[in-house]
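Trainee: Please take a close look at one chain with me, and show how its parts pack together. I would like one connected account, with the cut-offs spelled out.

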Amino acid sequence: MNPAIRVAGVTKRFRSLQALAGVDLEVAQGEFFGLLGPNGAGKTTLISCLAGLARPDSGTLEVMGRDVVRDYRAARMALGVVPQELVFDPFFSVREMLRIQSGYFGIRNNDDWIDEILHNLDLTGKAGANMRMLSGGMKRRALVAQALVHRPPVIVLDEPTAGVDVELRHGLWQFIRKLNQDGHTIVLTTHYLEEAESLCGRIAMLKAGRVVALDTTANLLQRFATHTLKLRLAAPVSLPPPFSARILSQEGAELLLGFDHYDDVGHLLAGLRAAGGEITDMALGKPDMEQVFVGIMNQN
Amino acid sequence: MEGFKTLLYKECLRFWKVGFQTVLSPVLTAVLYLLIFGHVLEGHVQPYPGVSYTAFLVPGLVMMTVLQNAFANSSSSLIQSKITGNIVFVLLPPISYREFYAAYVIASVLRGVACGVGVLLVSLPFAALSLAEPGWVMAFTLIGGAFLGSLGVIAGIWADKFDQLAAFQNFLIMPLTMLSGVFYSIHSLPAFWQGVSHFNPFFFMIDGFRYGFFGVSDVSPWVSIGVVSVCFVVLAVITLQMLARGYKLRA
């Protein structure tokens with residue numbers, strides 16, 4: 001079975017900026033895949049190359065086994081892209097826009113599917129409204145609807161929840177999860193790392209146009225993140241070894257310690273008391289993607 | 001093919017939805033030209049024997065409206081889509097660059113024809129028009145509209161802001177149309193300017209189109225159709241090359 005996405009040796013330069021510096025990755029069919037990285041890491045350029053909006057200088061990209069340059073029609077039929085920018089055509093209503101988008105993909109009489117998408121995205125009541133009249137969150141959902149009109153097996157969402165309120169975000173993820181359960185491959189870029197952690201089975205991290213980490217979410221958390229113990233002390237103390245090796249950060253009387261097992265907490269607190277530390281506040285934290293992200297970005 | 005048809009339909013729907021601006025306004029402008037120039041010059045100027053000045057003016061105004069609106073359609077649609085960012089909706093689907101080109105150019109011709117027919121209909125009460133050779137009228141409308149539609153695609157893709165497009169329109173399209181013999185026969189010009197007019201492809205479009213109405217023209221319609229066709233083919237090749245390379249559309 002072909003992978004949903006195959007990227008091999010892709011480079012792309014914009015004048016002096018090396019946007020992609022040799023990217024290789026594969027996304028299997030049915031995966032929920034995260035593409036993370038700081039601004040300017042190359043995420044959107046990679047998506048643009050995949051969607052035919054940009055042309056790579058070298059390397060190949062395939063969607064469902066179809067080369068995006070040589071066999072662009074089949075590749076684009078297999079791909080639905082939700083762009084990062086909140087763009088829309090002000091001349092048309094939501095339904096007109098979805099009918100037109102269906103036609104671009106060679107589909108006529110698509111109203112049954114359009115109605116289903118509108119229902120799932122809670123846009124049925126706005127089908128006849130001009131795109132200009134929609135709120136930001138509705139426009140974002142209309143963009144998702146547009147990407148789905150041709151029932152693509154692979155869906156790429158480029159920061160789909162930027163500027164979307166919490167309730168809408170939950171609704172959107174519920175729908176995207178359902179699409180994934182129905183067999184669609186989902187590729188997500190987001191700056192909300194907790195979203196990536198809870199949704200994505202595998203994650204690639206990009207920095208300066210290179211893949212600097214690629215693994216399952218669980219493995220990344222295990223390898224690069226620890227449980228944390230956040231303490232506020234009455235006064236700053238100096239922890240002796242071996243406890244000092246557990247310090248992740250220290251700012252005055254605020255101390256962040258890392259540990260692997262809950263059994264370690266007793267030893268850490270005992271060591272702190274022995275060093276004369278008096279605890280005024282304490283919080284436990286689980287390993288999270290933010291630690292992984294910061295750790296990997298600092299390493300590279 | 002469905003993608004092409006939908007893009008063509010969308011481009012037509014786009015201008016039709018704002019018909020006051022895209023069809024009725026140019027018709028009104030042309031009729032104002034007709035009323036003012038016709039009133040001032042009727043009886044003073046007779047470009048062709050047996051043809052009144054107002055009758056002479058009507059085909060020129062019709063063709064000028066066709067050309068200007070064909071250019072306006074593709075250029076304004078593309079620059080709006082680029083600036084608002086919704087051009088991605090046309091670039092993401094499996095539409096080839098040839099289909100893209102054909103849809104924008106045909107929609108431009110259709111808008112040009114809609115405006116031209118409007119000017120013609122409104123002008124009929126003001127001038128007795130004959131239709132000596134309707135085939136020439138059709139041929140120059142289609143090729144002239146396609147030429148300007150192509151030029152509009154180039155301008156719309158090249159321009160990064162409305163200001164640049166306005167410069168293209170005001171410093172190139174407008175002078176070339178106004179100085180193409182819409183309001184006069186080039187035989188009324190000094191020899192030097194008659195020569196210069198022969199470097200203006202718009203002159204051949206207007207002159208050939210007018211031949212279709214009166215059966216007389218400043219140059220042979222065969223020469224005009226040859227010049228206009230060669231110009232269109234050259235422009236079409238340039239435009240298709242730009243689209244094939246993804247110039248300013250695909251990074």
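Mentor: Happy to! Of the 300 residues of chain A, 41% count as buried; a residue is buried if 20 or more other C-beta atoms, placed from the backbone, lie within 10 Å of its own, exposed if 12 or fewer, and partly exposed in between. Keep in mind that this is a predicted model, in which local features need pLDDT of at least 70 and side-chain atom pairs count only at pLDDT 80 or more, while totals for chains, interfaces and linings use all residues. Residues are numbered from 1 along each chain as its sequence is written, and chains are lettered from A and ligands numbered from 1 in the order in which they are written.

Chain A holds 10 helices and 14 strands, taken as DSSP runs numbered from the N terminus (helices are H or I with at least four residues, strands E with at least two). Along the principal axes, its C-alpha atoms fill a box of roughly 75 × 45 × 35 Å. Among contacts in chain A with a separation of 6 or more, 69% join residues 24 or more positions apart; a contact needs C-beta atoms within 7 Å.

Let's go inside. The largest nonpolar core has 145 residues, and A:L50 and A:V156 have the most contacts within it. Such a core is a set of buried Ala, Val, Leu, Ile, Met, Phe, Trp, Tyr and Cys residues joined through C-beta atoms within 7 Å. Its largest share, 16 residues, comes from α3(B). Beyond its neighbours within four places in sequence, A:V156 touches A:I47, A:L50, A:L79, A:V81, A:V82 and A:V187. A second, separate core has 5 residues, including A:L229, A:L231, A:L255 and A:L257. In soluble globular proteins, nonpolar side chains tend to be buried together.

Now the helix pair. α3(A) and helix α5 (residues 136-148) of chain A cross at roughly 25°, and their axes come within 9 Å; axes are lines fitted to C-alpha atoms over the stretch in contact, and angles run from 0 to 180 degrees between N-to-C directions. That makes α3(A) roughly parallel to α5(A), a label for angles under 35 degrees. On the α3(A) side, A:V94, A:M97, A:L98 and A:Q101 meet A:A142, A:A145 and A:Q146 of α5(A). This contact divides into 5 nonpolar, 2 polar and no charged residues (Ala, Val, Leu, Ile, Met, Phe, Trp, Tyr, Cys and Pro count as nonpolar, Asp, Glu, Lys and Arg as charged, and the others, Gly among them, as polar).

The loop between α5 and β7 (154-158) of chain A holds A:R151. A:R151 has a positive phi of about 50° although it is not a glycine, and with 17 other C-beta atoms within 10 Å it is partly exposed. Most residues other than glycine have a negative phi. A:A208, in the loop between β9 (202-207) and β10 (210-216) of chain A, also has a positive phi, near 50°. A:A208 is partly exposed, with 16 C-beta neighbours inside 10 Å.

Finally, look at the partner chain. The contact takes 25 residues from chain A and 20 residues from chain B. On the chain A side, α1 (43-51), α2 (72-77) and α3 (94-104) are the elements that give two or more residues. That side divides into 13 nonpolar, 6 polar and 6 charged residues.

Conventions
Two residues are in contact if their C-beta atoms, placed from the backbone, lie within 7 Å. Angles under 35 degrees count as roughly parallel, over 145 as roughly antiparallel, 65 to 115 as roughly perpendicular and the rest as oblique.
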